[in-house]
Amino acid sequence: MLKRSDLMNIIEYEKVRKEYRKDIILYKKNRRIKLGPNITITFENMKTIKFQIQEMMRAERMVHDHQIQEELDIYNSLLPPKNGLSATLFIEVTEQTKIKKVLNQFIGLTKGNNLFFQINDEKVFSQFEKGREEKDKISSVHYISFILDEVAKQKFLDKSREISLCVSYNNYEFSELISSEMHLSLVDDLNL
């Protein structure tokens, strides 16, 4: 869990932001995966969440402890759970005129077992944060987690295994093998 003492004040952050931001962008490259034309998933951890908080503090010019604590409370809830991974899922639409039409195709994605890791014959299903989908509309941003039981965790930690991230919802079916770099990065999250 991130604490106030883990963060730089906005003046100190501004001094190192250019290099810090460059490092995070490079780090996130191995934590982002695209599933088809409309879904991108970025896995979160202390490092990525800390960057998001620092950027919010900078953008909102936050200097008061209570403001910063509010951000910490919000973003700490997005950290990976014990024996789990967490991510931000983006439903991406590049054409402005097609946003509603494309988003509507994903209504129902957050219910059921539509997104999962495939580790050999084992599936680890995602859990979506509640409140980002209604009967007739869905958000373009979702916070998800994957909780691994001990068997799935041991399989995931085995760096010799091929692991895929899959989505199977209505006619939107895509599967991507996670890279060895991503696998190593996610293993680090599970070993915390």
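Student: In which sense do strand 4 and strand 5 pair?

Tutor: This is a predicted model, in which local features need pLDDT of at least 70, side-chain atom pairs count only at pLDDT 80 or more, and totals for chains, interfaces and linings use all residues. Residues are numbered from 1 along each chain as its sequence is written, and side-chain values use heavy atoms, leaving out hydrogens and water. Strands are DSSP runs of E with at least two residues, helices runs of H or I with at least four, both numbered from the N terminus; two strands pair if DSSP finds at least two bridges between them. Strand 4 (residues 115–119) and strand 5 are joined over four bridges, and the sense is antiparallel.

Student: Which residue in the turn of the hairpin of strand 4 and strand 5 has a positive phi?

Tutor: The hairpin leaves two residues between the strands. The positive phi, about 55°, belongs to asparagine 120.

Student: Which residue in strand 8 stands opposite glutamine 127?

Tutor: Strand 5 also pairs with strand 8 (residues 141–147), in the antiparallel sense over three bridges. Opposite glutamine 127 stands serine 145.

Student: Which residues form the uncovered face of strand 5?

Tutor: In a regular strand, side chains alternate between the two faces of the sheet. In strand 5 (residues 122–128), Glu122, Val124, Ser126 and Phe128 make up the covered face, and the uncovered face consists of Lys123, Phe125 and Gln127.

Student: What is the radius of gyration of the chain?

Tutor: The chain has six helices and ten strands. The globule rule (2.2 Å times the number of residues to the power 0.38) is compared with a radius taken over C-alpha atoms. For 192 residues the rule gives 16 Å, and the chain's value is close to this, so the chain is as compact as a globular protein of that length, with a radius of gyration of 18 Å.

Notes: Buried < 20%, exposed > 50% of the residue type's maximum accessible area, 1.4 Å probe, protein only.
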